[in-house]
Amino acid sequence: MINVSIYFEDIEPVNIIKNNITKLSENILSDFNYKSIHLNIIVTSDKYLADMKKEYFKLDQFTDVIAFTIDDTPPLIEGELYISFDRVCDNASIFNVPANDELKRVISHGLLHLVGLDDSTELEREKMTQYENKYINSIENIIGV
């Protein structure tokens, strides 16, 4: 069972297509031998996520996503993704990609962290990017028009 909840904190709500996030979650989970997920996605601002980054990681910087695993005992995974919509939009502009694609990448990145992937080394970052590319191309838009 895939259970995805989306919340907005400190920003105006955006029309996010929950069914496509559910499909993205299914695609990633099946590749990593998970059958079920309870996922909360909190879409928020740069300030909110920067404050979290300071509190939990002792880093004073902007970030696009923070993933917290609550339980990862296969076949179930439970977690939360905190996403800065400000970063998503800025990164989309910087990398000249649609905001939809950048949001798919950020959600994929967070989900990959939840299933145990890391990106601390160059090799791990390359592998993470390969997975992200695979998954962002596996679904349609996440932001509705």
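This is a predicted model: local features need pLDDT of at least 70, side-chain atom pairs count only at pLDDT 80 or more; totals for chains, interfaces and linings use all residues.
Helices and strands here are DSSP runs, numbered from the N terminus.

**Entry 1**

I found K58 in the loop between α2 and β3. I looked up its phi and got a positive value of about 60°, although K58 is not a glycine. Is K58 buried or exposed? I had it down as exposed, because its relative accessibility is 69% and the cut-off for that word is over 50%.

A reminder to myself: most residues other than glycine have a negative phi, and most peptide bonds are trans.

That sent me to the peptide bonds, where I stopped at P74 to P75. This bond is cis, with omega near 10°. P75 belongs to the loop between β3 and β4.

**Entry 2: the sheet**

Next I traced the strands. In what order do they lie? I read β1-β2-β4-β3, with 4 strands forming an open sheet of mixed pairing. The edges are β1 (2-8) and β3 (65-71); each has a single partner strand, so one side of each is left without a neighbour in the sheet. From one strand to the next, I get an average twist of 15°.

I then followed the pair β1 and β2. These strands run parallel and are joined by 7 bridges. One example I wrote down is I6, whose bridge partner in β2 is I41.

Helix α2 (residues 46-57) lies across β2, β3 and β4, and I noted an angle of about 55° to β3. Helix α3 (residues 85-94) lies across β2 and β4, running at about 70° to β4.

**Entry 3: S36**

I picked S36, a residue of strand β2 (residues 36-44). S36 counts as buried because its relative accessible area is 14%, and the limit is under 20%. What does S36 touch beyond its neighbours within four places in sequence? My list reads M1, L29, P75, L76 and I77.

**Entry 4: the largest pocket**

I gave the largest pocket a page of its own. Its volume is about 370 Å³. Which residues lie nearest its centre? I noted D64, V65, H109, H113 and D119, out of 17 lining residues. At least two lining residues come from each of α2, β3 and α4 (99-114). The largest share belongs to α4, with 6 residues.

**Entry 5: D118**

Last stop, D118, in the loop between α4 and α5 (122-136). I logged D118 as partly exposed, given a relative accessible area of 36%. Its side chain makes a polar contact of 3.0 Å with that of S120. Not counting residues up to four places away in sequence, D118 touches H113, E124 and M128; H113 I had already listed for the pocket. I also checked D118 against K47: the two are 71 residues apart along the chain, and their C-alpha atoms are separated by 24 Å.

Notes:
Residues are numbered from 1 along each chain as its sequence is written. Side-chain values use heavy atoms; hydrogens and water are left out. Buried means under 20% relative accessible area, exposed over 50%, partly exposed in between (1.4 Å probe, protein chains only). Contact means heavy atoms within 4.5 Å. Two strands pair if DSSP finds at least two bridges between them. Axes are lines fitted to C-alpha atoms, for helices over the stretch in contact, and angles run from 0 to 180 degrees between N-to-C directions. On a 1 Å grid over the protein atoms alone, a cavity is a set of points where a 1.4 Å probe fits but cannot get out, and a pocket is an open set with protein on both sides within 12 Å along at least five of seven lines; lining residues have an atom within 4 Å of a point. Grid points are joined across faces, edges and corners, and a volume is the space filled by probe spheres set on the points. A polar contact is a pair of N or O atoms within 3.5 Å; within protein, one must be able to donate a hydrogen and the other to accept it, and residues adjacent in sequence count only if both atoms are side-chain atoms.
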